[in-house]
Amino acid sequence: MRGQGIWLRGISGLGMAFLYLPIIVLVVFSLNASRLSAAWQGFSWHWYGVLWQDEALLAAAANSLWIAALSTSLAVLLGLPAAMGLERLKGHGRQVVDMIFLLPLVLPEVMMGVALLLFFVVIHWPLSLATVVVGHAAFNLPIVVVMVRARLQKLDPRLEEAASDLGASAWQTFYRVTWPLVRPAVLGAALLAFTISLDDFIVTFFVAGPGATTLPLKVYSMIKSGLSPEINALSSVLVLSSMGLVGLSLIFQRR
Amino acid sequence: MNHSPPSIASSPSGRSCSKSSGLLLPGLLWTTVFCLLPIAVVLAVSLATRGTYGGVLWEFSLDNYRDLLHPLYGRIFGQSLLLAGAATGLCLVLGFPLAYYIARLPPRRQALWLVLIMIPFWTNFLVRTYAWMFILRTEGLLNTVLIQLHLISAPLDLLYSNQAVLLGLVYGYLPFMVLPLYAAIERIDPALIEAAWDLYADRWSLFRRVLIPLTKPGIVAGCVLVFIPSLGAYLTPDLLGGARSMMVGNLIQHEYLVARDWPLGSALSIVLMLIVMSSLLWYFAAQPPQARERGEP
Amino acid sequence: MADLSIDMRALVKCHGATLAVDHVSLQITRGEFFSLLGPSGAGKTSLLRMLAGFETPDAGDILIDGRSMAGVPPNRRPVNLVFQSYALFPHMTVAENVAFGLEMQRLPRGEIAKRVGATLDLVQLQDKRDRVPDRLSGGEQQRVALARALVNRPAVVLLDEPLAALDQQLRQQMQAELKTIQAQVGLTFVCVTHHQEEALALSDRLAVMQQGRVMQVGRPEDLYEHPENLFVARFVGVSNEVSGTLVDVQAGEGTLLPSDVSVSRGIRVSVPAGLQSGAQAVMTVRPERVRIAPGHVADAGLNCLHGVVETMQYIGSEWQGAVRIGPSVRWTIRASNAASGSRPVAIGAPVSLQWNASDGVVLPVI
């Protein structure tokens with residue numbers, strides 16, 4: 001038993017190290033003074049300063065934030081009622097609708113990007129910031145639906161019955177009973193959707209119009225034009241901000 | 001279940017039905033327009049013909065699918081399946097002990113480890129892939145360290161290879177394997193493991209005769225969750241792979257944005273989607289019947 | 001003892017800061033049905049898990065058939081456990097569950113089939129052999145769990161609260177069945193339970209445990225009739241008590257002057273060795289040895305206490321009630337229903353409680 005413990009702990013430790021070492025390396029070397037090599041040449045905030053002065057980069061960051069905020073709002077506005085509707089739906093209809101909502105989650109991202117690109121071209125909707133928002137809302141919607149439903153399923157259906165038995169209207173029941181109970185799940189889902197939108201590369205890559213460059217697109221083009229310590233700094237910013245958002249989301253869900 | 005006469009049941013159930021469809025409609029419409037419809041367009045284009053200058057001619061033809069039989073495409077599909085399969089296998093081998101270890105920790109530490117597993121999963125994928133470029137490239141961290149330690153005299157060619165792609169896929173999707181496996185292992189009554197042990201099972205028998213059958217739904221879920229994104233991977237082969245490490249995702253992107261052969265790219269997408277859907281069927285078949293029937297009234 | 005199946009020598013087990021098992025030494029004879037009885041937290045489950053090999057003693061040793069179990073993992077021990085939750089493998093049929101242990105020991109196929117068949121006959125589950133455990137009733141699952149242990153013919157069968165998950169009626173039926181099967185197979189059974197009636201009914205001998213220590217070991221009738229301390233008297237059966245000071249102790253006889261009830265003269269008792277005149281002591285008597293008589297009467301030959309009936313309940317086979325005999329003392333009494341269904345004494349009525357001096361047991365104060 002003891003032998004198995006050590007063996008298991010070893011593999012698990014290695015697995016964790018495998019997951020985290022690259023990220024740690026990235027952050028550490030974003031503070032390296034050297035321009036060229038991967039050898040450590042002293043501590044410096046220099047590359048973060050360089051980022052801060054890059055106008056195009058700041059514009060991309062602004063784009064990313066706008067897209068994430070708008071697509072997340074859309075996903076929540078459409079997803080919360082949809083999740084509640086799905087919970088009330090019975091029979092085979094529910095399974096079919098379930099499948100439709102889950103489709104964007106299981107579709108390969110490349111396929112999603114290509115399909116949206118083709119669709120926008122066919123309906124003559126010029127690629128722009130708006131097409132990116134629409135695309136992101138399409139894959140964020142199922143995230144909200146799944147997470148809110150998980151919460152709704154845990155709720156006692158008699159709570160709503162009790163509310164209406166006590167004379168609450170449908171809207172009052174939602175506002176006074178259901179909403180306070182699902183709010184943590186909605187906030188958690190919104191934060192995750194926001195994070196995923198911020199991080200998305202592939203769908204954005206296919207449907208972004210001119211002027212709709214996001215941070216990941218910017219990082220990608222920087223990587224493609226050669227590695228530089230600036231990318232390390234930018235990557236560290238992205239990593240740390242997604243970790244912060246995930247942390248927030250977990251805190252909301254725990255409550 | 002309480003079966004009330006239809007005459008009584010009809011009016012309230014009818015009302016709740018219309019209410020639920022009112023709530024559902026906007027979201028359903030959105031998903032239909034921006035997911036189902038686009039897929040339908042891809043299907044339609046995959047059955048059309050390529051125009052001379054790259055556009056789409058709406059003439060029905062199966063030529064695009066016939067073209068996919070070309071050995072070049074076959075090789076890329078084969079390579080994608082191989083890499084995705086290998087990544088799935090490696091994730092399973094690494095993920096099972098990890099998930100088992102977490103599931104046997106005390107509850108508070110379980111929660112901590114799970115969060116640690118989930119954080120990379122929500123961290124920018126592009127950036128995480130880039131981290132491996134930084135480590136593996138010729139002037140990268142690993143080569144630098146190895147040379148300074150005098151373990152090698154000349155840098156190794158680590159990046160731009162199938163191995164690097166495999167590494168990137170395993171790295172990227174390991175959390176997808178660990179989480180469902182954890183959920184499945186955590187559900188096992190610890191007494192069952194003790195029972196096997198009490199009944200003279202050694203470690204291997206315990207694993208093969210008890211753990212694997214009991215966690216099969218989780219294993220299948222994990223495999224499907226790793227296999228699907230691995231098969232459709234774009235960034236990993238694009239950034240870590242060499243000239244010969246192209247996968248289906250890159251091929252699709254190439255046909256669309258470089259070769260501008262939309263019908264062929266669409267046919268490729270449809271085939272990719274079909275493979276994904278069939279692996280999903282396997283997933284549903286492996287889930288326990290109660291979970292499948294839960295949606296029934 | 002000659003034919004020892006289990007020999008526990010000064011076992012100690014700590015769980016964190018608490019001493020779960022505190023220097024327990026027990027000898028269990030081959031073929032015996034032995035129970036470990038005690039409230040939850042008494043350390044009986046820890047003891048069982050140490051026998052099975054799931055926990056390692058911090059000190060002491062366990063010998064099974066004369067062989068030390070130190071460092072022997074569960075899968076190498078000649079013991080099999082019937083789990084409280086049964087722990088039947090849900091992905092295997094009844095027959096596959098029962099065959100599992102034999103397969104792990106790599107017995108020949110024919111031998112496995114023969115033994116599985118015989119054991120399923122023994123527990124009368126031959127017709128359910130291809131069912132999965134989820135499709136069985138609680139009692140059937142219990143029997144599969146038992147068969148799965150018996151089929152290996154282990155030196156010791158361990159049972160962890162074997163009947164706890166069953167409802168009252170099934171529990172009594174299974175109790176009888178368990179006893180019969182044990183007699184048939186002749187294996188040593190060690191059973192953990194907190195249910196005292198079950199322990200008395202099943203066991204050849206039992207150990208009563210509390211806070212990691214063995215309070216008394218003996219045959220059921222020894223424990224019930226001659227408890228060695230108040231804990232055993234109270235835990236095994238119902239204990240009606242008066243406490244006071246011993247006087248006139250002579251040749252094993254004496255008088256108890258109660259301090260918590262008022263009584264005209266002292267209570268005559270037999271006094272165990274070691275208790276002297278002037279010692280504080282408690283006398284305990286079982287309800288079925290107490291006679292209830294209406295009115296405040298006296299009887300020369302018997303001990304007698306006066307009291308008032310507080311409750312009286314009809315439970316079919318008998319009447320059960322409580323009589324207050326002092327400000328803080330209430331006795332449980334039973335009245336047979338052999339004669340008629342009428343209430344023997346009314347609530348609030350004065351009664352006399354009478355018993356033979358030899359039925360009372362005097363114990364030192366805890």
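**Briefing on a predicted multi-chain model**

In this predicted model, Leu158(C) touches Leu48(C), Leu51(C), Ala52(C), Val79(C), Asn80(C), Leu81(C), Val82(C) and Val190(C), leaving aside residues up to four places away in sequence. Leu158(C) is also among the residues with the most contacts inside the largest nonpolar core, which has 208 residues.

**Nonpolar cores**

- Besides Leu158(C), the residues with the most contacts inside the largest core are Phe101(A), Leu36(C), Leu47(C), Phe89(C), Phe100(C) and Val190(C).
- The largest share of this core, 14 residues, is supplied by helix H3 of chain B, which covers residues 71-103.
- Another core, of 33 residues, lies apart from it, and among its members are Phe33(C), Val116(C), Leu146(C) and Leu202(C).

**Where chain C meets chain B**

- The contact draws 26 residues from chain C and 17 residues from chain B, and the area buried between these two chains is about 2000 Å², with carbon and sulfur atoms giving 62% of it.
- On the side of chain C, the residues that lose the most area to chain B are Asn75(C), His91(C) and Met104(C), which together account for 28% of what that side buries.
- Between chain C and chain B there are 2 salt bridges, one of which joins Arg49(C) to Glu194(B), with the closest N and O atoms 2.6 Å apart.
- Across the same interface, 8 residue pairs are found in polar contact, both residues being at pLDDT 80 or more.
- Helix H1 (44-52), strand S6 (79-82) and helix H2 (94-104) of chain C each supply at least two residues of the side that touches chain B, and the largest share, 4 residues, comes from H2(C).
- Sorted by class, that side of chain C has 14 nonpolar, 7 polar and 5 charged residues.

- Lys179(C), in helix H5 (residues 168-185) of chain C, is partly exposed because its relative accessible area of 27% falls between the limits of 20% and 50%.
- Lys179(C) touches Phe33(C), Ala201(C), Leu202(C), Ser203(C) and Asp204(C), not counting residues up to four places away in sequence.
- Leu225(B), in helix H9 (residues 203-231) of chain B, is likewise partly exposed, with a relative accessible area of 40%.
- Leu225(B) touches Phe176(B) and Pro180(B), again not counting residues up to four places away in sequence, and its C-alpha atom lies 9.6 Å from that of Pro175(B), a residue 50 places away in sequence.

Conventions:
Residues are numbered from 1 along each chain as its sequence is written. Chains are lettered from A and ligands numbered from 1 in the order in which they are written. This is a predicted model: local features need pLDDT of at least 70, side-chain atom pairs count only at pLDDT 80 or more; totals for chains, interfaces and linings use all residues. Side-chain values use heavy atoms; hydrogens and water are left out. A nonpolar core is a set of buried Ala, Val, Leu, Ile, Met, Phe, Trp, Tyr and Cys residues joined through side-chain atoms within 4.5 Å. Buried means under 20% relative accessible area, exposed over 50%, partly exposed in between (1.4 Å probe, protein chains only). Contact means heavy atoms within 4.5 Å. Buried area is the accessible area (1.4 Å probe) that two parts lose on being put together, summed over both. A salt bridge is a side-chain nitrogen of Lys or Arg within 4 Å of a carboxyl oxygen of Asp or Glu. A polar contact is a pair of N or O atoms within 3.5 Å; within protein, one must be able to donate a hydrogen and the other to accept it, and residues adjacent in sequence count only if both atoms are side-chain atoms. Ala, Val, Leu, Ile, Met, Phe, Trp, Tyr, Cys and Pro count as nonpolar, Asp, Glu, Lys and Arg as charged, and the others, Gly among them, as polar.
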